[in-house]
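These are my notes from looking through one structure.

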Amino acid sequence: MADRPMSFNQAAETVPPQAWFGVSAVFHYLGPSLAVLLFPAMGVLGVAWFRIASAALIFMPITRPWTVFIQADRNGRLLLIGLGICLAVMNTSFYLALERLPMSLVAAMEFVGTIGVALYGLRSGRNFLALALATLGILILIDIKWATDPLGLFWATLNGVLFVGYIILGHKAAQGGASDGVQRLGAAMLIAFIVLMPIGFIQAIEAFGALNLVLAGIGVGICSSVIPYVCDQLAMSRLPRSSFALLLALLPATATIIAAIVLAQIPTLQDVVGIVLVMAGVAVHNPAQAS
């Protein structure tokens, strides 16, 4: 993808990838925390629509997604379509799960599928120890809550499966550098909007009469789908997939902390122990070079 600004590549090379992941981890659940507050006003599917629609609109002038799609080869187009469908269904199922379950539990279930991704690329005893610490911390955060709401757990499980797909497809999109990855992300986001358009528009249209709700919906899109996904691409361009998957152990811990601040879901002492173990695992981890 020639003739594109190199600013994203420069940012990825200048700042450590762990820092970009840290920013992503914060916004990955700050946005959904705000989204939960909007559920009563515009519905779950309406909020999901605003998230994808606003992100697609913001990416358009930066990435020119139609050009990216046209210039891609057959495999590249399949990657964009796959990533777009994954984003649309994943984000919707995530919100449907949040409607029924605590954010910390949904985030912990997201991490379950990434354990296999991390295991696939780990090659040292130190990294296996890091994974063991992080996994133990996640199990403590999950607690015994599996049967509280079958439908909520279904949506959380679907979200977790698709989250693994996002890691795999997102890492493929990042190949070639952060700038190319962000451009592919913009194209995939437009595809996600096309997929979600007929599903969430009916609920979303009811919010158009209130400017504050429209602005809040756009804010959710920026916090949930623009900032974190761009930061993911900046991190993925530098980190191997297994290291990125292990860093995802931070997400349930981040979700617990943000849920306590924004949603007043106060963590217990057990939650705090789980968070500490997750952070210890990430600290012990020694990433290999990105491949």
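**Enclosed space**

I searched for cavities of 30 Å³ or more and found one. The model I searched is a predicted one. I then looked up the volume of the largest cavity, which comes to about 50 Å³.

Which residues line the largest cavity? I listed His28, Arg51, Met90, Asn91, Phe94, Glu110, Asn159, Phe163 and Tyr229.

I next assigned the lining to secondary structure. Helices α5 (74-98) and α8 (150-174) each supply at least two of the lining residues. The largest share, three residues, comes from α5.

**Helix α9**

I checked the span of α9, which covers residues 178-204 and has 27 residues. Its end C-alpha atoms are only 32 Å apart, whereas a straight helix would reach 39 Å at 1.5 Å a residue.

Where does α9 have a kink? I located it at Met197, with an angle of about 65 degrees.

**Cysteines**

I counted disulfides, taking cysteine sulfur atoms within 2.5 Å as a pair. The count came to zero.

Cys86 has a relative accessible area of 5%, so I recorded Cys86 as buried. Cys231 likewise counts as buried, because its relative accessibility is 5%.

Note on methods:
Residues numbered from 1 in each chain as written. Predicted model: local features only at pLDDT ≥ 70, side-chain atom pairs only at ≥ 80, totals over all residues. Heavy atoms only, no water. Helix = DSSP H or I, 4+ residues; strand = E, 2+ residues; numbered from the N terminus. Expected span 1.5 Å × (residues − 1). Bend = angle between axes of the 7 residues up to and from the residue. Buried < 20%, exposed > 50% of the residue type's maximum accessible area, 1.4 Å probe, protein only. 1 Å grid on protein atoms, 1.4 Å probe; cavity = no way out; pocket = protein on both sides within 12 Å on 5 of 7 lines; lining within 4 Å. Points joined across faces, edges and corners; volume = space filled by probe spheres on them.
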